Amino acid sequence: MKTDDIDRQLLDALLDDARLPLKELARRVGLSSPSVSERLRRLEEGGVIKGFTIDVDPKAVGYLFQTMVRVRPLPGTLHVVQKLLQDISQITECDKVTGEDCFIARLHVRSMEELDEILDKVSEKAETSTAVVKSQPVTRRLPPIE
């Protein structure tokens with residue numbers, strides 16, 4: 001879908017605060033509220049905006065550790081491992097990737113013991129390599145939109 005600078009400004013504003021009122025969005029981009037409403041409708045229908053959500057801090061609800069786990073299924077277990085990863089609620093994101101590993105999963109756990117329990121389940125069907133996230137120098141953002 002073709003977008004312009006105003007669309008990008010709207011997306012940036014909503015990425016920062018998805019609850020911004022239409023009137024405030026219109027003020028920020030210099031358009032009328034009906035024009036902004038129409039643009040947002042077009043962005044939703046075009047699949048650019050998939051939804052409006054909240055951003056919960058896992059630490060605030062007790063998940064003290066964030067980890068990245070590379071997962072390499074044992075031969076013949078790819079689909080079993082994929083299903084296993086989907087069923088672990090502490091995995092908040094998982095990508096299927098190219099290369100030696102098949103998956104990279106982001107986990108949030110309350111303790112190292114909880115991490116060990118999860119990895120023990122996965123290691124029955126796959127090899128894993130785990131890294132604890134110390135900080136996030138680049139937070140979620142949009143790629144350049146032309």
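Mentor: Start with residue classes: Ala, Val, Leu, Ile, Met, Phe, Trp, Tyr, Cys and Pro count as nonpolar, Asp, Glu, Lys and Arg as charged, and the others, Gly among them, as polar. This is a predicted model, where local features need pLDDT of at least 70, side-chain atom pairs count only at pLDDT 80 or more, and totals for chains, interfaces and linings use all residues. Residues are numbered from 1 along each chain as its sequence is written, and side-chain values use heavy atoms, with hydrogens and water left out.

Trainee: What is the make-up of the lining of the largest pocket by class?

Mentor: The lining has 18 nonpolar, 10 polar and 11 charged residues. A pocket is an open set of points on a 1 Å grid, with protein on both sides within 12 Å along at least five of seven lines; a 1.4 Å probe fits at the points, and lining residues have an atom within 4 Å of one. The volume of the largest pocket is about 1500 Å³, counted as the space filled by probe spheres set on the points. Of its 39 lining residues, Leu-15, Thr-53, Ile-54, Asp-55 and Arg-140 are the closest to the centre.

Trainee: Which element gives the most to that lining?

Mentor: α1 does, with 4 residues. Elements are DSSP runs: helices (H or I) have at least four residues, strands (E) at least two. α1 (5–16), β1 (65–73), β2 (91–96) and β3 (103–109) each give two or more residues to the lining.

Trainee: What makes the buried residues of α2 line one face of the helix?

Mentor: The buried residues of α2 (residues 22–29) are Leu-25, Ala-26 and Val-29. Seen down the helix axis, they fall within an arc of 100°, so they line one face. The arc is taken over directions from the axis to the C-beta atoms. Buried means under 20% relative accessible area, exposed over 50%, and partly exposed in between, with a 1.4 Å probe. Lys-23 and Arg-27, on the other side of α2, are exposed. The buried residues pack against α1 and α3 (33–45). After α2 comes Gly-30, with a positive phi near 75°.

Trainee: Why is Gln-66 called buried?

Mentor: Its relative accessibility is 18%, so Gln-66 counts as buried. Gln-66 is in strand β1.

Trainee: Why is Thr-128 called partly exposed?

Mentor: Its relative accessible area is 31%, so Thr-128 is partly exposed. Thr-128 belongs to strand β4 (residues 126–132). Thr-128 and Arg-70 are 58 residues apart in sequence, yet 5.5 Å apart C-alpha to C-alpha. Thr-128 touches Arg-70, and its other contacts include Val-69 and Leu-119.

Trainee: What does UniProt list for residues 1–64?

Mentor: An unreviewed UniProt entry lists them as "domain: HTH asnC-type". In this model the span is 52% helix and 0% strand, and its end C-alpha atoms lie 39 Å apart.

Key. UniProt positions are given in the numbering used here, feature names are shortened, and annotations may be inferred rather than shown by experiment. Contact means heavy atoms within 4.5 Å. Lists of a residue's contacts leave out its neighbours within four places in sequence.
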